[in-house]
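This briefing covers a single protein chain.

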Amino acid sequence: MGADTPEGRFWFYSLRMIYVFWMLGFGLFRHLTCRDETERTRMARGRVAFVVVAVLAALVVAEDALLFLVLRTDGFMLGPILISSERNYAENLLFLAGALLAIGYAVRSLALRFEKPPADESDERAARIGDNLLIYARRHGLTDRESEVLRLILQGKDNQNIASTLTIAPSTVRVYVHRLLQKTGCENRQGLIQDFWRSA
């Protein structure tokens, strides 16, 4: 089966999609075998992108199969539209969707991490703090109390408000904040907040 046969051309053009399916399969396997519920929740955020990529990759293979294996041609005219192996419309949509997903992710990440960390009291923000706090705390070896203090810092509370919320002395809060800065390697509270959102 040479590259000049319809079957050879089908496999030649389908190699990229085989790699895409391998990546999707690995991502699904990783999600299903992950024991950390927090990590699974983070991975589940990408389920829309996962489905979009899987459907479009399947359409790419279907379009190639139609052209090479069923019609056994490199292209044909469908009214004013040229259907061609060189212009696989599903593949173009796949790359366009991938680019849009990447741009959307980058815009959200940059807005969160570098412009100004979120300061509103939205449910989405609280959920993002909750999802990422366990991972961040584990990465830096934070105690439960230090994690509580960090959560309140991320909510925009000052030392006095943190002390009132946790019913501890403001001097104790200062000790916890100092430990947080030491463990995370941040210079100040603002750096700590940015470091958290950068790793979110």
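**Briefing: helix packing and side-chain pairs**

Glu91 counts as buried, at 10% relative accessibility; buried means under 20% relative accessible area, exposed means over 50%, and partly exposed is in between (1.4 Å probe, protein chains only). The model is predicted: local features need pLDDT of at least 70, side-chain atom pairs count only at pLDDT 80 or more, and totals for chains, interfaces and linings use all residues. Residues are numbered from 1 along each chain as its sequence is written, and side-chain values use heavy atoms, with hydrogens and water left out.

**Overall make-up**

- Nine helices and two strands are found in the protein chain; helices (H or I, at least four residues) and strands (E, at least two) are DSSP runs, numbered from the N terminus.
- Read from the N terminus, the order of elements is α-α-α-β-β-α-α-α-α-α-α.
- Of the 200 residues in the protein chain, 33% are buried.
- Contacts (heavy atoms within 4.5 Å) between residues at least 6 apart in sequence join, in 61% of cases, residues at least 24 apart.
- The protein chain has an accessible surface of about 12,200 Å², and carbon and sulfur atoms account for 62% of that surface. Accessible areas come from the Shrake-Rupley method with a 1.4 Å probe, and for residues only the protein chains shown count as cover.

**Salt bridges**

- A salt bridge is a side-chain nitrogen of Lys or Arg within 4 Å of a carboxyl oxygen of Asp or Glu. By this rule there are three salt bridges.
- Glu91 and Arg16 form a salt bridge through their side chains, with an N to O distance of 3.0 Å. Glu91 is in helix α4 (residues 89-115) and Arg16 is in helix α1, so this pair ties together parts that are 75 residues apart in sequence.
- Arg145 pairs with Glu148 in a salt bridge whose closest N and O atoms are 3.7 Å apart. Both residues are in helix α6, and because they are three residues apart they are separated by about one helical turn.
- Arg145 is partly exposed, with a relative accessible area of 28%, and Glu148 is partly exposed at 36%.
- Lys183 and Glu146 form a salt bridge in which the closest N and O atoms are 2.8 Å apart. Lys183 belongs to helix α8 and Glu146 to helix α6, so the pair ties together parts that are 37 residues apart in sequence.
- Lys183 is partly exposed at 34% relative accessibility.

- Glu146 lies in helix α6, which spans residues 144-154, and is buried at 1% relative accessibility.
- The side chains of Glu146 and Lys183 are also joined by a polar contact of 2.8 Å. A polar contact is a pair of N or O atoms within 3.5 Å; within protein, one must be able to donate a hydrogen and the other to accept it, and residues adjacent in sequence count only if both atoms are side-chain atoms.
- Leaving out residues up to four places away in sequence, Glu146 touches Gly141, Tyr176, Arg179, Leu180 and Lys183.
- Leu180 is in helix α8 and is buried, with a relative accessible area of 0%.
- With residues up to four places away in sequence again left out, Leu180 touches Leu142, Glu146, Val149, Leu150, Ile153 and Leu192.
- Leu180 and Ser147 are 33 residues apart along the chain, and their C-alpha atoms are separated by 8.7 Å.

**Nonpolar surface patch**

- Tyr19, Trp22, Met23, Phe26 and Phe29 make a nonpolar surface patch of about 600 Å². Patches are made of residues with over 30% relative accessible area and no salt bridge: like charges are joined within 9 Å, and nonpolar side chains (Val, Leu, Ile, Met, Phe, Trp, Tyr) within 5 Å.
- Tyr19 is in helix α1 (residues 6-33) and is partly exposed, with a relative accessible area of 48%.

**Backbone at Thr167**

- Thr167 is not a glycine, yet has a positive phi of about 50 degrees. Most residues other than glycine have a negative phi.
- Thr167 is in the loop between α7 (159-166) and α8 (170-184).
- Thr167 is exposed, with a relative accessible area of 70%.
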